[in-house]
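Open your viewer, switch to a cartoon view and keep the selection tool at hand. We will go from stop to stop, with a note on what to select at each one.

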Amino acid sequence: MSGRERLGALSMQTAFLAVLFSVWYVVTEGSQITSLFLPRLPRVWSEMVGLAASGRLYAAALVTIPTIAKAFAIAAIFGIAVGFLVGRSERLVRLLEPVLSGMFAIPITLFFPLFILFFGIGPDSKVAYGAAYGFFPIALNTIAGFSNVDAHFLRAAKAMGASRYQLFRHVYLPAAMPVVLTGLRIGFFISFAAVLGGETISSAAGIGRAIALSGELMETARMFAWIGFVVLATMILNIVVLAAESRTRRD
Amino acid sequence: MTVDMRNGAAQPTQAVAIAIDRVSQRFPGRSGTNPMLALDDVSLEIRRGEFVCLIGPSGCGKSTLLNIVGGLIAPSAGSVRIGRNTVNGARPREIAFVFQESTLFPWYTVLENFRIALKFQGVEGGGWRDRAMAALRAVGMENFAEHYPSQLSVGMKQRINLARGLCVETDIILMDEPFAALDEQTRMVLGEDLSVLLARTGRTIVFVTHSLAEAVFLAGRIVVMTARPGRVKAIIDVPAPHPRSPDFMLAPQFSTIRNDLFALLRDEIRQTVAAMREARDGARP
């Protein structure tokens, strides 16, 4: 994308957000819509400021962020290990890839009560739940990355006398890397969503719990404030991750 | 036609570089069908510094034979010797491959591709850069050393592929239709370049091609293969020294040899087409 195109896209995106917030503002200030359904924007803002100032945001984030980090770390380690081991063998790919992608299609949410049963109401159940969700896209992409290395690159490397390690280091790894990174990105956001979702369903603390609680108490403005923090965090993370990913791509 | 082991251009006393001794290759058939015989009792001796073209109809096992010579496939029967050693695996110190597709690794720059090729071959330490740049200069691509393959055209990539094959300084280069993906004009230019480069380096080359003109223009000897199962049908000498200029294509000698080749191949191609039709009709319910 050229500089001018990028600027154009950015201004379109900004305009979209501006329109969204203007409509929200006009609708809530000008009409009789009850603040139970859609709170006034300045109220949401003052709630956000209040949550940040009182330290409640910090306390909730201190529960949720480590939970996401642990869930993603487990998903990444197991996903890459399983994906790599399976992806190296054509037979294992044929055998296990359909099983894994079939399991990925099952809504793991259905098993959420089991996670609570096994790991308790604390963060551990959310770690396990987020890890279970994030594992599949990471494993599947790692399999795809390592099993789809072009045969003619392997043949050429072998003809040039590459050792097993050199074949891995200079052919398999760089060929698989972009696909594996895409899997990590998808896995991260799925773990992220699963942890927050798990917290809203059943949890003792954390940002998801705070959103669910505000909703139950009909404090809609506060609920939107919490959601606002999550949306902001997601946007920032998305930009960071995409930038990191594009740096590893060469073509 | 002459079935003579001597290359018209080389001295008759040259040592044998590659000895293919009664090689056969059988591939397992697809579920239940009979195994497919790709090569049937092929014997051939190639002398040092010779340029041999393998030509034959599609599926006659030319590429298979090349892969067997290079040690990438083990033959079902027979053996190949390089000098005094029997081939039983890749021999990167003696044999370089140039394939039809560009096998430049897209995640490395052109220069890094050369470094990796030398590293794979076991050449470590300094000097690789000079060797790589010299090889790139030889094909006129020295200004593209820092480019990634995706930034180059098909012709440029294949030029560099060729340079990489030369750069590893093996005695033998096996080329599997290296110009097949190129348009006719680029192909002619690269063929000329190759002829010039070869006259300088004196490597032993086995070159698989579909193109009659390419075979006559480049080869010292042309090995014509039969339709599947591949056997050696005839060997034709092309007694003209390298480097050959494009004028060689206008010489009467060129057309005579090309016509001989065509006559030899025509029957084989018909047979291949007939076998394909039969397979197709047989497969119908």
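Predicted model: local features only at pLDDT ≥ 70, side-chain atom pairs only at ≥ 80, totals over all residues.

**Stop 1: a helix pair in chain B**

Select residues 110-121 and 154-167 of chain B, which are helix α2 and helix α4. How is such a pair described? Two packed helices are described by the angle between their axes and the distance between the axes. For α2(B) and α4(B), the angle is about 30° and the axes are 10 Å apart. Angles under 35 degrees count as roughly parallel, so α2(B) is roughly parallel to α4(B).

Next, show the side chains at the contact. From α2(B), pick B:V110, B:N113, B:F114 and B:A117; they meet B:I160, B:R164 and B:C167 of α4(B). Coloured by class, this contact shows five nonpolar residues, one polar and one charged.

**Stop 2: the whole of chain B**

Zoom out to chain B, where you can find seven helices and 10 strands. Its C-alpha atoms fill a box of roughly 60 × 50 × 40 Å along the principal axes. The radius of gyration of chain B is 19 Å, which agrees with the value near 19 Å for a compact globule of 285 residues.

Now colour chain B by domain. Domain 1 takes in 1-94 + 172-285, and domain 2 takes in 103-169. The centres of the two domains of chain B, taken over C-alpha atoms, are 26 Å apart. Where they touch, 13 residues of domain 1 of chain B are in contact with 12 residues of domain 2 of chain B.

Which helix gives the most to the domain 1 side of this contact? Select residues 184-201 of chain B: this is helix α5, and it gives six residues to that side. By class, the domain 1 side has nine nonpolar, two polar and two charged residues.

**Stop 3: some backbone details in chain B**

- Select B:R228 and B:P229, which are joined by a cis peptide bond with omega about -5°. You will find B:P229 in the loop between β9 (221-225) and β10 (232-237) of chain B.
- Move on to B:H242 and B:P243, where a cis peptide bond also has omega of about -5°. Here B:P243 sits in the loop between β10 and α7 (252-283) of chain B.
- Finish at B:R22, which is not a glycine but has a positive phi of about 50°. This residue lies in strand β1 (residues 16-27) of chain B.

**Stop 4: where the chains meet**

Show both chains again and select the contact between them. Chain A brings 16 residues and chain B brings 18. On the chain A side, the elements giving two or more residues are α7 (151-159) and α8 (164-201). Highlight α7(A), as it supplies the largest share of that side, with seven residues. The chain A side divides by class into eight nonpolar, four polar and four charged residues.

**Stop 5: chain A on its own**

What kinds of elements does chain A have? There are 10 helices and zero strands. The C-alpha trace of chain A spans about 75 × 55 × 30 Å along its principal axes. Its radius of gyration is 23 Å, whereas a compact globule of 251 residues would have one near 18 Å.

To see the contact itself, show A:L196, A:G197, A:G198, A:E199 and A:T200 on α8(A), with A:I207, A:G208, A:R209, A:I211 and A:A212 on α9(A). Four of the contact residues are nonpolar, four polar and two charged.

Key:
Residues numbered from 1 in each chain as written. Chains lettered and ligands numbered in written order. Domains from an automatic or database assignment. Contact = placed C-beta atoms within 7 Å. Helix = DSSP H or I, 4+ residues; strand = E, 2+ residues; numbered from the N terminus. Nonpolar A, V, L, I, M, F, W, Y, C, P; charged D, E, K, R; others polar. Axes fitted to C-alpha atoms, helices over the stretch in contact; angles between N-to-C directions. Parallel < 35°, antiparallel > 145°, perpendicular 65-115°, else oblique. Rg over C-alpha atoms; globule rule 2.2 N^0.38 Å.
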